[in-house]
Amino acid sequence: MKHLWIVARREYLTNLRRPSFLFAAFGVPLFMVGLMFLVTTLISNAEGDLDSLGNIGYVDRAGVIAAADAPFVPYADEAGAQQALQDGTIGAYFVLPADYVDSGEVTITSREGAPDSLKEAIDHLLLANLTPQAGDDALASRLEDPVTLTVRALDRGRDLEEDAAIGVIMLPVVFAVVFFISAQTTSSYLMSSVVEEKTNRMIEILITSVTPLELLFGKIVGLGVLGLTQLSIWLIAGALLLQSGQGVPALSGIELPLDLIVISLVYFLLAYLLFAAVMAGIGAVSNSEQESRQLAGVFTFVSVFPFFFFTTFLLNPNSPISVALTLFPLTAPLTSIIRLSLGALPVWQFVASLLLLGLTAALVIWMSARVFRWSLLLYGKRPTPRELWRVIRGTPMTAVGTAAQE
Amino acid sequence: MQFERAVSVEHVQKNYGKFRAVDDLTFEVHGGEIFAMLGPNGSGKTTTIRMILDILKPDTGQIRVLGGPLTEATKMRIGYLPEERGLYRNVPVLDVMIYLGRLKGLSGDEARQRSLALLQQLELDEFSRKKVSELSKGMQQKVQFAVTVLHQPDLIIIDEPFSGLDPVNTLVIKRLLTDLRSRGCAIIMSTHQMQQVEEMADRLLMISNGQQKLYGSVQDIREQFALHAIIVEGQGDWGKLPGVVSVEPAANGNGHGADRALLRLDDQTAPGDVLAAIAASGDMHVRRFEEAVPGLNDIFIQVAEGAH
């Protein structure tokens, strides 16, 4: 057991200093903060545009506008509005032609283009005036946006409000991606660590000090803690980001629910154990980093499958494909976290997926340990699937070290 | 602590499928000796070493190491330098040494202090913070050797310790090994460099096709292969001497040649009788006189070829 901790400590500290780890742990949050800053600046600029235009003139040939508050100023004809624009009294003006009610055509003349906010302001003004109760602001708002949706799923209650629509769609994706990437990168570190000790022959020296299982589990523990470290950094960065981003409409009102974090952590640990066991097994039977990456790629591809079914989870949460992806161990972590944060995961599916994932992880770890122990000294040749199957069943045809003995 | 029997191997057999890699092998290694394990490539040396280290299990037979079957605790008292060896490449030398020292039961501080002392002894102290990949092959070899002896093991098993080393570094490692022997350490050395075995080893085991061919002290084995002949350097009519059956030129040796001769003796004559006859004759001039004992290299080739 003492050896296990020494191995774990080394794996943790060595990989902590890897440039790729440092980049992922600190670079990604920094990038997100930078992006957020950029978006915030752009949005506030867009909002400022309307103010910077100052007053807005209009020429109403159709006779639609009965009442208009600042910043709107009526002009009798275009020449007057043109003159005011040149004098700088107004920043822009628009003209409603006589046939406006039929055609809907509006011409805007502006000093600095026509930002979205200007169009929205004109929309609102016209809606308010077109309704019979001219000037009723609340009614106009309702006409513009008749439905503000709250979806309440019966089976698991998390209310989704449309106000934070972008956040609601993005949060589960970002959240799932974060946990998924952590589990994937750390388990791929495990694979390279196994392959490295084989290719540089460290393994020969190591196994006269530690048992193969101490070595394997030491690596799994050390790199698991590394994954948790990465997650902590990201979660703290994410929390700070959400807090400082409350002024941004897309982020306001979004918070990371604690129960989702706890459940996701459980999924992360199980997913990590499963991936790690798969990667260790692949590393043990590969002869080079490149070879192992190709094999690992297959598993990674399967496990990112849920991303393609995101809209299915959102619109049709209890379809067979949603249920299947929730239960299948390789896709369970991503699917469950996404569906949980969308608020639609029945309890039985949640429990079944956790159980299946846990059992599979335990089984694969056991198989991987057998393959790992058997293949440590097997250089230069890859065992056939049949041979592997015999090793897993405990009846290998060849002993350890056959290849090295030659 | 010194062990009369550091390793005892009794009637050990190991098969890989139908191939018999080790066939009824029995030998002992004592504390305070350098024990050479010789044999052609593929003769079963590495398999035997791996069975001693419990990496492989023998099919039959018994192996005892440092007084009993190999346990995790005994592993801490063994230093192993395999033939297929390497170190983490992108890690500083000192870090690798401390890690491996800790795996052998040293505390972090002990591992650090002993590593630094050994690196100094091997004239590598200025490289302790350098990455392994920045070291030359010979330097890496010395670091690997340092790792092997870092925890002051009672048993050292070392495969081709001198391959890739220049004469100066070979001497450094030889001194360290003989030093360890004088402190009671048992050293098993597998090598093809017969010169080193002749100079350093106390006893040897030679195997071929997994079977024991020679086993005993280096001295005894060389005498066992003695030719019943003598080699002389000098001038004289050697054929006249009593008991000399034939005179052949003996042009090997260390650069001498022209006046070097191999004299084969009949069964009744001992080398001492010939020396007395030369001294009595008065007209023969002898610069060098020795019993014709073949080098281990010749014995190795003779045994290996006889096995085929």
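Predicted model: local features only at pLDDT ≥ 70, side-chain atom pairs only at ≥ 80, totals over all residues.
Residues are numbered from 1 along each chain as its sequence is written, and side-chain values use heavy atoms, with hydrogens and water left out.

Chain B contains 10 helices and 13 strands, where helices (H or I, at least four residues) and strands (E, at least two) are DSSP runs numbered from the N terminus. Of the 308 residues in chain B, 53% are buried, a term that stands for under 20% relative accessible area (1.4 Å probe, protein chains only).

At the interface, 29 residues of chain B are in contact with 28 residues of chain A, contact being heavy atoms within 4.5 Å. The area buried between the two chains is about 2,800 Å², of which carbon and sulfur atoms give 60%; buried area is the accessible area (1.4 Å probe) that two parts lose on being put together, summed over both. In chain B, Tyr88(B), Tyr99(B) and Leu103(B) lose the most area to chain A, together 23% of what that side buries.

Across this interface the rule finds 1 salt bridge, that is, a side-chain nitrogen of Lys or Arg within 4 Å of a carboxyl oxygen of Asp or Glu. The side chains of Arg50(B) and Glu204(A) meet in a salt bridge at 2.5 Å, N to O. Among the elements that give two or more residues to the side of chain B touching chain A are strand E1 (7-16) and helix H3 (93-103) of chain B, and the largest share of that side, 5 residues, comes from H3(B).

Terms used. Chains lettered and ligands numbered in written order. Buried < 20%, exposed > 50% of the residue type's maximum accessible area, 1.4 Å probe, protein only.
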